[in-house]
Amino acid sequence: KNRNWFYHHMMDKVIVPTSVPSTNEPLVQMLERGVNAADVGCGCGASTVALAKRFPKSQFYAYESSPSSLQVLQQRIVDYNLTNVTVCDVAVRRLGDGPNPTSSSSDEDNTFSFVYAHDVIHDMPHPREFFDQVRKRLDKTSGCWIIVDVPCHPDLARNIHQPGAPLWFGYSCLLCLASATSSRDGQGLGTCGFPASLCQKWAHEAGFEHFEKRTVEGCSMDSCFVLG
């Protein structure tokens, strides 16, 4: 459902306006130079394809758990003749392993400079642990993590009065909560379960020094968090 958003909005409204927190270098400039980047919960890879085509010098690691989505992504890599995408089935390879899990290099060398996560944190059974994974593998000196998720509040009373509430809670009951409770101890955030206050709290607990909440221009259905 986000394919057109990735192709027509992601670059200009999220990637281009962002600067790397620790260096203030434009994110576009860093990606153009060539770095290791991760697209987490990439689905069928529309976001990965858009990023890989725009930044051919960077290497993108596409993480996904759905076998059928991974098949579509593999075909898209062939169709677009992309040589800078590595497909990662999270059943066997997680972000915490780094871009080179079999490498003998030190942890400092086995890092990502950029991580992107779109509408996926609230679907995870263990989202808090994922913050630790990203912190472990995000470059300490020039790393940037962008999270795009559903804008929501910490309490139900305010969430149900948002214009998008019927759609969001419908998605949550039919899709998001099924994923977020797919393990016995799953946290079950759901579509309206990841407000900015929770993101900031987890970022602080995981050791991130920078947290920034941004609105996505012209897209009221999305919130953007920049961590570093």
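## Strand E7 and its partners

Strands E6 and E7 run antiparallel and are joined by 5 bridges. Within this pairing, Lys213 has Phe225 of E7 as its bridge partner. The structure described here is a predicted model. E5 is also joined to E7 by 5 bridges, and these two strands run antiparallel as well. Here Trp145 is set opposite Leu227 of E7.

E7 is largely enclosed by the rest of the structure, because 5 of its 5 residues are buried. Ser223, Phe225 and Leu227 point one way from the strand, while Cys224 and Val226 point the other way. Both groups are buried.

## The sheet as a whole

E5, E6 and E7 belong to an open sheet of 7 strands. The strand order is E3-E2-E1-E4-E5-E7-E6, and the pairing is mixed. The edges are formed by strand E3 (85-89) and strand E6 (211-215); each has a single partner strand, so one side of each is left without a neighbour in the sheet. On average, neighbouring strands are turned by 20 degrees against each other, direction ignored.

Strands of a sheet pair through backbone hydrogen bonds, in either the parallel or the antiparallel sense.

The path of the chain from E1 to E2 passes through H4, forming a right-handed β-α-β crossover.

Strand E1 (residues 36-40) also runs parallel to strand E4 (residues 114-118), to which 4 bridges join it. In this pairing Ala37 has Phe114 as its bridge partner, and Asp39 is opposite Tyr116. Of the 5 residues of E1, 4 are buried, so the strand is largely enclosed by the rest of the structure.

## Helices across the sheet

Helix H4 (residues 46-54) lies across E1, strand E2 (59-64), E3 and E4. Its direction is at about 180 degrees to E2. H4 is largely enclosed by the rest of the structure, because 7 of its 9 residues are buried. The buried residues are Ala46, Ser47, Thr48, Val49, Ala50, Leu51 and Ala52.

Helix H9 (residues 196-206) lies across strand E5 (144-149), E6 and strand E7 (223-227), and runs at about 155 degrees to E6. Leu198 is a residue of this helix. With a relative accessible area of 19%, Leu198 falls under the 20% cut-off and therefore counts as buried. Not counting residues up to four places away in sequence, Leu198 touches Leu189 and Gly193. Thr141 is 57 residues from Leu198 along the chain, and the C-alpha atoms of the two are separated by 25 Å.

## The largest pocket

The largest pocket holds about 1400 Å³ of space. It is lined by 44 residues, and the closest to its centre are Gly41, Glu64, Asp119, Val120 and Asp123.

Several elements each supply at least two residues of the lining: helix H1 (3-8), H4, E2, helix H5 (67-79), helix H6 (127-137) and helix H8 (165-180). H8 gives the most, with 6 residues.

## Two asparagines with positive phi

Most residues other than glycine have a negative phi. Asn24 has a positive phi of about 65 degrees, although it is not a glycine. Asn24 sits in the loop between helix H2 (10-15) and helix H3 (27-33). Its relative accessible area is 59%, which means that Asn24 is exposed, the cut-off being over 50%.

Asn81 also has a positive phi, near 55 degrees. This residue is placed in the loop between H5 and E3. Asn81 has 65% relative accessibility and so counts as exposed.

Technical notes. Residues are numbered from 1 along each chain as its sequence is written. This is a predicted model: local features need pLDDT of at least 70, side-chain atom pairs count only at pLDDT 80 or more; totals for chains, interfaces and linings use all residues. Side-chain values use heavy atoms; hydrogens and water are left out. Two strands pair if DSSP finds at least two bridges between them. Axes are lines fitted to C-alpha atoms, for helices over the stretch in contact, and angles run from 0 to 180 degrees between N-to-C directions. Contact means heavy atoms within 4.5 Å. Buried means under 20% relative accessible area, exposed over 50%, partly exposed in between (1.4 Å probe, protein chains only). A crossover is right-handed if, with the strands pointing away from the viewer, the path from the first strand over the helix to the second runs clockwise. On a 1 Å grid over the protein atoms alone, a cavity is a set of points where a 1.4 Å probe fits but cannot get out, and a pocket is an open set with protein on both sides within 12 Å along at least five of seven lines; lining residues have an atom within 4 Å of a point. Grid points are joined across faces, edges and corners, and a volume is the space filled by probe spheres set on the points.
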